Structures are given as C-alpha cells and as structure tokens.
Amino acid sequence: MAEPPYGVIASLLRKGKVVPFLGAGVNFGMRKTPDATWDKKSSTFLPSGAELSRLLAKDSGFPKDKDAAGAEKTNDAPPDLAKVASYYVEATGRDVLRDELKEIFNREFEPCDIHHYLAQDITVPVLVVTTNYDDLTEQAFRKAGKPFDLVVHPTDREECKASVLWWPHGESDPQVVQPNQLIIDLETTSVIYKMHGTIDRQQDKWHSYVITEEDYVDFLSRMTGQTAVPAHFIQHFRTHHFLFMGYGLNDWNLRVVLKNLRANLSSSGADEEDQRRSLRSWAIQFSPTELEMDLWKSRDVNIYDVDINEFVKRLREHSG
C-alpha cells in the first residue's frame, strides 16, 4: 500500500483547508503496545468500541449468538455496540447506562499525539469533528492555550431536543441552539464538534451519549432532515478536505452517517457539488480489512494503513 501524501496533508492542515474527523481508533495511540487490552479498573487508556461492547454485554447478560442446534457460538467477534447498549437500557434503564459510561470516561487520561498536533502545530483556526465521548481534544487545546468553541450533539434530553449545545470560548454554561441557527465564524474560531455526545468533566452536568440503536436512528433521521449537523458546518465541509483518523467502516452506523453526510453535501448547486468532488479526502486506519479498504475507496476516500502515532510523527517531519 502506498504511503500517505504527508507533505500535502501537512501543508493543507497548516492552511486550514482540512477538517479532521477523530474516531475511537485514534486513542490506540495511548497504548504502550498495540496488543494491550483494556481493563475497566486498571487501564490508563480508553476502551475501544469492541472492548466497551464486551463489558456492557457481560454486565447486562446480553444473550450470546447460538447456532442452528441451539449451542452458543464460540467466535470472538464482539457483539454490535449499539445493539448491546439498547439491550442494556432495556435491562437496567437509561440512567444506569449513563452512569456506567460516566464511570468509564470520567477519568484522567492523557491526550494522544494527534490531539497535541491539532492543538499545537496547527496555528490557524480548525474545525475538529469527533464521534468520541472523551474530552482529550479539549484537554490538548486547553494545555496549548488554544481558544476553541465546543459544540455537542445531545441525546436523551428533553430540554435540548432537536438542538445542539454550544459553549463559546470561556463560557461555563452552554447555549441551547437549533443546529441551523448556529453561526460561528470559522475563519477566526476553532471549534470542536462532538457529533455523538460527550463526557462533561467540567461541570458534571451535560453527560450525553449517542450509543443505542434508538439514539442512532434519531440522529440519522435528523441528518436526513438536515437538522442534526449545523448547516454552517455543512457549508464549511463543502470547501474543505476530510481527514478521517481512527475509523473503521465495519461499523454500520458510521457507514450510514457518512452516507447521510454525503447526501447533505450533495444537496447544493451543481458548481458546489463539482467543487466538493474535486477535493481529495484521506482515511488513516491501522490494519484495515480488505472490505474496509473497498468501502473507503467507494466513497472516494484514499485509505492508508498507518499507525496513528507514526502518522503524526511523519506529519511533523513535513511541517518545517
């Protein structure tokens, strides 16, 4: 597999021409060895989606797959996280799931190289999109002294229904804003947009997670109606490259999100659509499957098999 165009990506990032998308896989940069496994009680790094799924399945008594004869299957593939989370809620209640996720994510974890790179090495304003619940990106920006606005998609909160939470830089409390009424000057302001909710370690008040099948259905239906992702962000997406890091297309919900995002981007005029198609996008994923490589390519995204820390190291080498 060819190497990523490090020089081009680094240059475009420095010019503010790229929207980075951060998935759970970027947090593997926290692990000292690639084969390190997560333990809820002792690990100093965050769980992968598969590890979180296994924990929730075990704790909730999620039924194991059975073969035609009724015997439990012995494969090691983790159950689908969204399905497990839905079962967990049915078995215990939404508040119990929220408290469990809070216990897992409300800890002191160190940001990874990619978080520090975006906060320290990119001096122009940047819109960072993440589907992670953790606050590592925010931590890195605060440590670097880089101002940012925080925008979060909440779920399971009646007072925020069909809205986003917006923390302008320096504000302790968010504003509840309808997505298509949110206007931020992205030429002068960095924004961290948390598409699937967040842990709230600042106030211990705004915890919210898009995690169950029902959460994804709600989010995706709002995407279809163009009331999920702020319209101002969609307009920004149309003129910028995408850099996907830490995502795997074996997750159905991510595939549907990308499909809906692409549909929103295509709902413009012919000139804007042609401009969007001319912008190359990239995906950095460690050890992708053949299927995932095909799925990325079918979405006009160049996929590269690179460890996330190595990728950041090479970007820095081309940032002189």
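1. **Before we start.** This is a predicted model, so please keep its limits in mind: local features need pLDDT of at least 70, side-chain atom pairs count only at pLDDT 80 or more, and totals for chains, interfaces and linings use all residues. Residues are numbered from 1 along each chain as its sequence is written, and side-chain values use heavy atoms, with hydrogens and water left out.

2. Helices (H or I, at least four residues) and strands (E, at least two) are DSSP runs, numbered from the N terminus. Two strands pair if DSSP finds at least two bridges between them. Strand β1 (residues 18-22) pairs with β2 in the parallel sense over 2 bridges. β2 is also joined to strand β6 (residues 191-194) by 4 bridges, and these two run parallel. There, Tyr193 of β6 is the bridge partner of Val129.

3. **Which way do the side chains of β2 point?** In strand β2 (residues 127-130), Leu127 and Val129 point one way, while Val128 and Thr130 point the other way. All four of these residues are buried. Buried means under 20% relative accessible area, exposed means over 50%, and partly exposed is in between (1.4 Å probe, protein chains only).

4. Strand β3 (residues 149-152) pairs with β4 in the antiparallel sense over 3 bridges, and Leu150 stands opposite Trp167. Strand β5 (residues 175-177) is joined to β4 by 3 bridges and runs antiparallel to it. In this pairing, Leu165 stands opposite Val176 of β5.

5. **The cavity.** How many cavities of 30 Å³ or more does a search of the whole structure find? It finds 1, and the largest cavity has a volume of about 60 Å³. On a 1 Å grid over the protein atoms alone, a cavity is a set of points where a 1.4 Å probe fits but cannot get out, and lining residues have an atom within 4 Å of a point. Grid points are joined across faces, edges and corners, and a volume is the space filled by probe spheres set on the points. Phe21 and Val129, the pair from your opening question, are among the lining residues, which also include Thr131, Met195, Phe244 and Tyr247. Helix α9 gives the most to this lining, with 4 residues.

6. In helix α11 (residues 290-298), the buried residues are Glu292, Met293, Leu295 and Trp296. Seen down the axis of α11, they fall within an arc of 165°, so they line one face of the helix. The arc is that of the directions from the helix axis to the C-beta atoms. On the face turned away from the buried side, you will find the exposed residues Glu290, Leu291 and Lys297. The buried residues of α11 pack against β9 (241-245), α9 (252-265), β10 (281-284) and β11 (301-304); contact means heavy atoms within 4.5 Å.

7. **Two positive phi angles.** Most residues other than glycine have a negative phi. Ser287, in the loop between β10 and α11, has a positive phi of about 55° although it is not a glycine. Ser287 is partly exposed, at 46% relative accessible area. Asp300 lies in the loop between α11 and β11, and its phi is positive too, at about 60°. Asp300 is partly exposed, with a relative accessible area of 45%.

8. **Cysteines.** A disulfide is a pair of cysteine sulfur atoms within 2.5 Å, and by this rule the count comes to 0. Cys112 is buried at 3% relative accessibility, and Cys160 is buried at 1%.

9. Arg314 sits in helix α12 (residues 308-317) and is buried, with a relative accessible area of 18%. Not counting residues up to four places away in sequence, Arg314 touches Glu3 and Tyr6. Ala263 is in helix α9 and is partly exposed, at 45% relative accessibility. Ala263 and Gln120 are 143 residues apart in sequence and 33 Å apart in space, C-alpha to C-alpha.

Key: On a 1 Å grid over the protein atoms alone, a cavity is a set of points where a 1.4 Å probe fits but cannot get out, and a pocket is an open set with protein on both sides within 12 Å along at least five of seven lines; lining residues have an atom within 4 Å of a point.
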